[in-house]
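Hi there,

Here is the structure I promised to pass on to you. Please open it next to this email, so that you can look up each residue as you read.

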Amino acid sequence: MAAKSIISRPVYGTLSPQPGKHHLFIADAEGALAISDMAAKAPAGFFDGAEIDFIPGPDNKHVAALEALRPAQFHQAPSFASLLPRLKQTLGNAHMGLRLYLAGTEGLIGQAMQVALEAGIDHTSMQTEHRGSLARRMQCVHCKGITENVTTQPSTCSHCGLLLLVRDHYSRRLAAFQGVCINAEDRSEIPPMEEAFP
Amino acid sequence: MSTGTTKLDVVVSDVVPVNELVTRFHFRRRDGELLPTFSGGAHVVVEMRDGDRTRLNPYSLMGSPLDTREYTISVRRDDVGRGGSLFMHRSVKPGLEMVISYPVNLFSLDLRAKKHLMLAGGIGITPFMAQTAQLAGEGGNFELHYTCRTASLGTYADVLRERYDRRIRLYHDDRDERIDLDRLLSTQPLGTHLYVCGPAGMINWVRDRAAALGWPSEAVHFEHFAAPQPGLPFDVTLAISGKTIRVDEQQSLLEAIEAAGVDPPYLCRGGVCGQCETNVISYDGKFIHNDHWLSEEDHRSGCKIMPCVSRFEGRSLVLER
């Protein structure tokens, strides 16, 4: 689990069933396990008013476990980008009383939160649980390009090629950690690259 | 000592009876300057000098925040209260010089909201007068549901209907009109914020139903100034100041502490803001908690009290003050 370093670095909790009749779950990969664990504590009939949108990832695991919860709607998507139109539609038609649960990688939680914030949900009222990879979504502060699934420290910007220090400084608006050039004084100085966010 | 507030020297510029219970008071600055800017939902604490007694009561500002030439408050007469509203009704006339606090807002609009859903009960309408004026000026999306006992006691209902037409829904107790609350709360678009001001029972009802229907607490705002309730006199020891004082029947604990020359922080004097929260060192007896600030756990613990509205019955009470 992510440790708190600076104030903008998101910290995640443990999903817990909220009151109300409408529940929207967005999860990727091992985030499914967070939903299964929460389901054990949920009151009977909880999933009758639930929708689960799931991005299983390449190994396609956990789908059967989520379907077994018998949510009112179960939707599977190959990527967050492909889920986005549906998510916007769902939130655009939703009413107060809909509770949001985000589980899985930080990239997924952050991007789903970004859409939900725009739809008017306060970030503190969303349930979140981090599971799986620590890979980060990073914005290069120099060229503003976003690089997905960053696992190393430092990391190369996939847009402008600068070598970036991946900071804990996080933007909820951009759903990304900030990457700042690590060798701006002397570009020939190449610090060793470590697998920091496996 | 009022935290963060400075005093304003004002003169009563107008006194307007609104109906059989409510009177409106207008204040202007004595030096003729504009009053400080405020936002919808703000209140001021009015100092009432009544002979040798000074009362400090909070009232919501109900004028438009776009006009700071004057502040207006509306006071509902309470014939069995501690006398503040009666003083306002009987003794405050145009031309009287008074002192009020700077405005403080503990009930502000969340301007990130996609829509503002307002629920008012009785004199709880006053903060919404300012909030609706503020939102209407900005083209904001709001809807106000206002419950009053009878049409003649529906303070400003006519004004609101005229200004905002169908955005105002009225419910009259004497005609058995009731808000279909569950339906109302279940049909609001995502991103709606809820605001409720009225009697304590109404606020508790709305908050309970909203929570049960899945509204996150971040989207539910409420304000209720609890007037300090009279009660049996009791003695209190102020450990830091080394004083033992008596709180009279009609006096609040905060007023008694102030009368003894001790200056605790305060803002709202209505059990809402938390400024005057005081630690209890020891006690033998029973607390009568009337605030909306401390948690139920705090109330049970016997470790804290809000002296602006809460009282005590028993043998001894020692406060860290």
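Below I go through the cores, the rings, the cavities and a few backbone details.

First, some ground rules. This is a predicted model, in which local features need pLDDT of at least 70 and side-chain atom pairs count only at pLDDT 80 or more, while totals for chains, interfaces and linings use all residues. Residues are numbered from 1 along each chain as its sequence is written, chains are lettered from A and ligands numbered from 1 in the order in which they are written, and side-chain values use heavy atoms, with hydrogens and water left out.

**The cores**

In soluble globular proteins, nonpolar side chains tend to be buried together. A nonpolar core here is a set of buried Ala, Val, Leu, Ile, Met, Phe, Trp, Tyr and Cys residues joined through side-chain atoms within 4.5 Å. Buried means under 20% relative accessible area, exposed over 50%, and partly exposed in between (1.4 Å probe, protein chains only). The largest nonpolar core has 41 residues, and A:I26, A:L91, B:L119, B:L194 and B:W215 have the most contacts inside it. Elements of both chains supply at least two residues each, including strand 1 (22-28) of chain A and strand 8 (115-121) of chain B. (Helices, H or I with at least four residues, and strands, E with at least two, are DSSP runs numbered from the N terminus.) Helix 4 of chain A gives the most to this core, namely six residues. A second, separate core has 22 residues, among them B:V10 and B:F27.

What does A:L91 contact, leaving aside its neighbours within four places in sequence? Its partners are A:L24, A:L98, A:V115, A:A116, A:A119, A:I121 and B:L190, where contact means heavy atoms within 4.5 Å.

**The rings**

The whole structure has 14 aromatic pairs over all chains. Rings of Phe, Tyr and Trp (its six-membered ring) pair if their centres lie within 6.5 Å; planes under 30 degrees apart count as stacked, over 60 as edge-to-face and the rest as tilted. The rings of A:F25 and A:F46 are edge-to-face because their planes stand at 75°, with the centres 6.4 Å apart. These two residues are 21 residues apart in the chain, and both are buried. Ring pairs also join A:F25, A:F46, A:F47 and A:Y101 into a cluster.

**The cavities**

How many cavities of 30 Å³ or more does the structure hold? There are three. On a 1 Å grid over the protein atoms alone, a cavity is a set of points where a 1.4 Å probe fits but cannot get out, and lining residues have an atom within 4 Å of a point. Grid points are joined across faces, edges and corners, and a volume is the space filled by probe spheres set on the points. The largest cavity has a volume of about 110 Å³. Its lining has 16 residues, with A:M96, A:I121, A:D122, A:S125 and B:P216 nearest the centre.

**Backbone details**

Most residues other than glycine have a negative phi, and most peptide bonds are trans. The bond from A:Q153 to A:P154 is cis, with omega near -10°. A:H62 has a positive phi, near 70°, and is partly exposed because its relative accessible area is 23%. B:D176 also has a positive phi, near 60°, and counts as exposed at 61% relative accessibility.

Happy exploring!

Technical notes. 1 Å grid on protein atoms, 1.4 Å probe; cavity = no way out; pocket = protein on both sides within 12 Å on 5 of 7 lines; lining within 4 Å.
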